[in-house]
Amino acid sequence: MRVLVLDDDKVDFLYTEQLLTSAFPKQDVVVSWISEPTIVSVRDEIENYDVCLIDQYLGALRGIDVIQELSESGCLTPTILLTREDNRPLDEMACYYGASDFLLKADLTPAQLNHSVRLSIAHKQQEIKLIKSALTDGLTGLANRTKFDPALEMAILTTERAQSYLALFLIDIDDFKIINDIYGHPVGDAVLKEISARLKGALRRSDIVARLGGDEFAVALNGYRSEADILPVKDKILKIFDAPVLIGRQT
């Protein structure tokens, strides 16, 4: 387990590190320390950790401000606020801004820290699953429209800045309803999953592939230097429909 501690007091950091070691005696706990954090440095580092313990007073910064900024930037690493004062409004504010827990330094024990860290990580993992579920098509595993629209908007902005080319393909399967009507929806679903896998296999990881609904797919390609560079990719996408789809014994 990788833990990041933000604390401007070395003695407090060493004590927190000792508590963490005692709290997880059977785990390999790697503790890193930032003594003079900035919002930028924390944002760049925190994604590499399983949990982050943040002191309320960090010189010019307050821990609650760091938590607010991390939450607003979409950080998925759980954060726990540590403070010396039993302050109910601060506790409520920490929860409002997305902190996983609020702990008093004076009362901190290995057992309490173990419980807080484990619950914080578990809750965040569940939150990540829910977010992923909301942005992913349940049948094919591709992005859904909720994820595709902002991703396309970002790709357009990137293309404008880089003065490169972007291509948008809207794809649907002709007469797909016939497959469902004759062979049933399970076979139709299997066809959609196969087409989705072929689309992903034909494109770069950086390309955006989504199922918009039914038999409709969307593909956004960016980072190309000219229109001519995009044409072979178009042909590659169309070619995935050349090979028959075999479901059970039915082509």
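Here is a short chat about some features of this structure.

Q: What am I looking at, and how is it numbered?
A: This is a predicted model, where local features need pLDDT of at least 70, side-chain atom pairs count only at pLDDT 80 or more, and totals for chains, interfaces and linings use all residues. Residues are numbered from 1 along each chain as its sequence is written, and side-chain values use heavy atoms, leaving out hydrogens and water.

Q: In what order do the strands of the open sheet come?
A: In general, strands of a sheet pair through backbone hydrogen bonds, either parallel or antiparallel. Strands here are DSSP runs (E, at least two residues; helices are H or I, at least four), numbered from the N terminus, and two of them pair if DSSP finds at least two bridges between them. This open sheet has 5 strands in the order 2-1-3-6-7, with parallel pairing. Strand 2 (30-34) and strand 7 (101-104) stand at the edges with a single partner strand each, so one side of each has no neighbour in the sheet.

Q: Over how many bridges do strand 1 and strand 3 pair?
A: Strand 1 (residues 2-6) and strand 3 (residues 51-55) pair in the parallel sense over 4 bridges. There, L4 stands opposite C52 in strand 3.

Q: Is T83 buried or exposed?
A: Buried means under 20% relative accessible area, exposed over 50%, and partly exposed in between (1.4 Å probe, protein chains only). T83 lies in strand 6 and counts as buried because its relative accessibility is 1%.

Q: What does I131 count as?
A: I131, in helix 5 (residues 110-135), counts as partly exposed because its relative accessibility is 37%.
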